[in-house]
Amino acid sequence: LALKIMKPVRPLKYNREAKILFNLKNGPNIIQLYGIVQNQDTSQYTFVFEYTPNCDFTTLLQNFTDREVKYYLFQLLRAIQYSHSNGIMHRDIKPQNIMYDRQTKKLRLIDWGLAEFYHPKQSYNIHVASRHYKAIELLVDYQYYDYSVDIWGFGVTMAGIIFHRMPFFKGSDDFDMVAKITSVLGSEQFYKYLNKYGIDLPPEMEK
């Protein structure tokens with residue numbers, strides 16, 4: 001078993017994480033939550049998860065075979081697809097949240113603390129995902145995003161594996177991240193995207 005001791009936060013936060021994990025129970029390649037216990041003295045909650053052996057991703061990256069890369073990415077996509085089909089965005093897809101055991105070929109998508117239920121046309125917190133895996137929507141403060149933030153995280157993870165550069169986009173802040181992304185993907189499509197969704201650039205990015 002693996003234990004996750006929850007920090008003292010608003011009950012809404014861990015209640016949401018628990019509900020999401022129970023909704024995704026038995027989903028392919030999603031870490032399984034077995035139960036929740038509370039410390040009677042501190043009232044602190046602990047989540048009890050299945051235990052999954054893990055290979056350090058830096059080591060994995062150096063030794064990945066082509067066949068293994070395809071398997072790894074396919075199994076990760078299965079977890080993401082199941083989550084999305086149940087109306088849930090993970091919002092923090094990155095190698096550090098993917099447990100992979102090379103011996104058994106078992107993969108688990110973990111850390112659902114930033115996950116959220118998706119509802120069309122609802123605004124969401126942009127302070128999610130790790131900087132180097134943030135989707136462009138989050139970098140330009142667009143709150144009406146959707147499942148695509150997870151697909152971006154998957155794509156950046158895939159690019160890092162293929163090009164042996166992790167993280168693939170390594171910006172020092174949101175502005176630098178946008179600069180790094182547009183230097184690879186081009187700025188023309190970026191501005192078309194902004195116009196399509198009526199997104200105004202944050203003032204500090206307008207230069």
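These questions and answers walk through the pockets, rings and core of a predicted model.

Residues are numbered from 1 along each chain as its sequence is written, and side-chain values use heavy atoms, with hydrogens and water left out. Because the model is predicted, local features need pLDDT of at least 70 and side-chain atom pairs count only at pLDDT 80 or more, while totals for chains, interfaces and linings use all residues.

Q: Which element gives the largest share of the lining of the largest pocket?
A: On a 1 Å grid over the protein atoms alone, a pocket is an open set of points with protein on both sides within 12 Å along at least five of seven lines, and lining residues have an atom within 4 Å of a point; a cavity is a set where a 1.4 Å probe fits but cannot get out. Helices (H or I, at least four residues) and strands (E, at least two) are DSSP runs, numbered from the N terminus. The largest share, five residues, comes from H2.

Q: How many residues of the lining of the largest pocket are charged?
A: Ala, Val, Leu, Ile, Met, Phe, Trp, Tyr, Cys and Pro count as nonpolar, Asp, Glu, Lys and Arg as charged, and the others, Gly among them, as polar. The lining has eleven nonpolar and six polar residues, and the charged ones number two.

Q: What is the volume of the largest cavity?
A: A volume is the space filled by probe spheres set on grid points, which are joined across faces, edges and corners. Among the residues lining this cavity are Arg91, Asp92, Tyr133 and Lys134, and H5 gives the largest share, three residues. The volume of the largest cavity is about 40 Å³.

Q: What kind of aromatic pair do Phe64 and Tyr100 form?
A: Rings of Phe, Tyr and Trp (its six-membered ring) pair if their centres lie within 6.5 Å; planes under 30 degrees apart count as stacked, over 60 as edge-to-face and the rest as tilted. The count comes to 16 aromatic pairs. For Phe64 and Tyr100, the centres are 6.5 Å apart and the planes at 45°, so the pair is tilted.

Q: Where in the chain do Phe64 and Tyr100 sit?
A: This pair links distant parts of the chain, 36 residues apart. Phe64 lies in the loop between H2 and helix H3 (66-85), and Tyr100 in strand S5.

Q: Is Phe163 buried or exposed?
A: Buried means under 20% relative accessible area, exposed over 50%, partly exposed in between (1.4 Å probe, protein chains only). Phe163 is found in helix H5. Its relative accessible area is 57%, so Phe163 is exposed.
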